[in-house]
Amino acid sequence: MVEGKINEIHGWAAKEVGIKVEPWSYTPRPLGPNDVEIKIEYSGICGSDLHTLKGEWGAPMLPAIVGHEIVGRVITKGEAVSTLAEGDIVGVGAQAYACLQKDCSPCSRDLDPHCPHKVATYTDKYADGAQSQGGYSEAVRVDANYVFKLPKALDPATAAPLMCAGTTVFAPMLRQGVKKGDRVGVIGIGGLGHLALQYARALGAEVYAISHSPRKRDTCLELGASHFVDSSDKEQTAGLARKLNFLFVTSNSRSNQYNEYLNWMDFEGKIVMLAAPVGQLTFSPFEFLLNEVAVTGSLIGGVNVLRKALEFAAEHNIRPVVETFPIEQVNEALQRMDDGKAHYRIVLTH
């Protein structure tokens, strides 16, 4: 373990828009009294990383070190940090800071990802003007509130995707009150979807895995799905009519696909959008009026939700299915992810 404060952090940064990163170093912002510095051992590749690198969500701040599924060890901390010790195995997700004040409306409702003062783990700005940099690097420095000690039951080598993907799917299940007996659909069985199956099953739901890839059937059933539906088979999808209480959409679905999803929902059902496809979605008001279905979205999980997601995963044996690449092969790993070939998440080893 490397000990002591790092004065210059070496990582892999994008210097222009595109799926390419290269070695780059930066001087981190000063270690504040409530900050923690982490020597990174594992970092997951998230779909958000690809969207950011390709400029699909707007022009990124460059140079940019992406990566917000981070696992490593605490190597130093500010004098006000009492909940963590040097050597602790910890994780960091998609957020590095929020005010967490009681008079902050989002923070007081466990919606700190919407805090007006929030700082994302990468390509965001702190109040002092410093740019946040992410996990494709040797170390990261973040507010202690957003550093989570990993439960001992979780393997650090595979836990990184829980920091974003796992929390992203679990957060709306908690907020929407998914419970035993609910009929829950998950469409898009990839990095988010394979974890959504496990969380929904552990909550007691009857789970429908929906995918255009029949080859995923056996894996979906092993991960906790009660049923597998081939979305390219009209006869199978017809059997979903008025079936679902919840549908969690983890794929980059288009408007015409959502039109079909509405028909799968029981009255007063909820479709929860977890992926962010490029472009606009278009709906007719009558689709909502006649079906009495709600379409909503969910960002990520805040402090309390992320902690619950990790504890729940440890308790119910929820485990990401990952492939590993050494950080030196990050560009190869990014291309594999962008090509849709990852099974089901990629973790970089440092």
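Select Lys15 to begin: at 40% relative accessibility this residue counts as partly exposed, a class lying between buried (under 20% relative accessible area) and exposed (over 50%), with a 1.4 Å probe and protein chains only. The model is predicted, so local features need pLDDT of at least 70 and side-chain atom pairs count only at pLDDT 80 or more, while totals for chains, interfaces and linings use all residues. Residues are numbered from 1 along each chain as its sequence is written, and side-chain values use heavy atoms, with hydrogens and water left out.

Lys15 and Glu22 form a salt bridge whose closest N and O atoms are 3.6 Å apart; the term denotes a side-chain nitrogen of Lys or Arg within 4 Å of a carboxyl oxygen of Asp or Glu. Glu22 is likewise partly exposed, at 28% relative accessibility. Side chains of opposite charge can pair when their charged atoms come close.

Next, select Arg141 and Glu37, whose side chains meet in a salt bridge at 2.4 Å, N to O. Arg141 belongs to strand S8 (residues 139-143) and Glu37 to strand S3 (residues 35-45), so this pair ties together parts that are 104 residues apart in sequence. Strands here are DSSP runs of E with at least two residues, numbered from the N terminus. Are the two partners buried or exposed? Arg141 is buried, with a relative accessible area of 8%, and Glu37 is buried at 0%.

Move to Lys54 and Glu56, where the closest N and O atoms of a further salt bridge are 3.5 Å apart. Lys54 is partly exposed at 29% relative accessible area, and Glu56 is partly exposed at 31%.

Now display Arg29, Asp35 and Asp128 together; a network of salt bridges links these residues. A search of the whole structure finds 14 salt bridges.

Finally, colour the strands S10 to S15. These 6 strands form an open sheet with parallel pairing, in the order S12-S11-S10-S13-S14-S15; two strands pair if DSSP finds at least two bridges between them. Strands S12 (227-230) and S15 (294-297) stand at the edges with a single partner strand each, so one side of each lacks a neighbour in the sheet. Neighbouring strands of this sheet are turned by 20 degrees against each other on average, direction ignored; the axes are lines fitted to C-alpha atoms, and angles run from 0 to 180 degrees between N-to-C directions.

Zoom in on S14 (residues 265-273), which pairs with S15 in the parallel sense over 4 bridges. Lys270 stands opposite Ala294 in S15.
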